[in-house]
Amino acid sequence: MLFSGGNGTGLSFYIKYAEESTEDNPVVIAKGVDENGKEFEEKININDIWDTL
């Protein structure tokens, strides 16, 4: 696990590396519960974020 956290509103989440993640193509999975109690899971390709900056 890379990170876990939350705030006082019910939000809780963790971020971990996806199985297919590599040093050249880092991919993480963010999973948790939002402030409204709705579960979420999102796969994030880190290189895609850098490409938009």
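## Sheet layout

Two strands count as paired if DSSP finds at least two bridges between them. In this predicted model, 4 strands form an open sheet with antiparallel pairing, in the order E1-E2-E3-E4. Strand E1 (3-6) and strand E4 (39-45) are the edge strands, and each of them pairs on one side only. From one strand to the next, the twist averages 15 degrees.

Strands of a sheet pair through backbone hydrogen bonds, either parallel or antiparallel.

## Strands E1 and E2

E1 and E2 run antiparallel and are joined by 4 bridges.

The hairpin of E1 and E2 has 5 residues between the strands. In this hairpin, Gly10 takes a positive phi near 105 degrees.

## Strands E2 and E3

Strand E2 (residues 12-17) and strand E3 (residues 27-33) also run antiparallel, with 6 bridges joining them. Ser12 has Val33 in E3 as its bridge partner, and Tyr17 stands opposite Val28 in E3.

## Ser21 in the E2-E3 loop

Ser21 is found in the loop between E2 and E3. Its relative accessible area is 19%. The cut-off for buried is under 20%, so Ser21 is classed as buried.

Leaving aside residues up to four places away in sequence, Ser21 touches Pro26 and Val27. Val27 belongs to strand E3 (residues 27-33).

Methods
Residues are numbered from 1 along each chain as its sequence is written. This is a predicted model: local features need pLDDT of at least 70, side-chain atom pairs count only at pLDDT 80 or more; totals for chains, interfaces and linings use all residues. Side-chain values use heavy atoms; hydrogens and water are left out. Helices (H or I, at least four residues) and strands (E, at least two) are DSSP runs, numbered from the N terminus. Axes are lines fitted to C-alpha atoms, for helices over the stretch in contact, and angles run from 0 to 180 degrees between N-to-C directions. Buried means under 20% relative accessible area, exposed over 50%, partly exposed in between (1.4 Å probe, protein chains only). Contact means heavy atoms within 4.5 Å.
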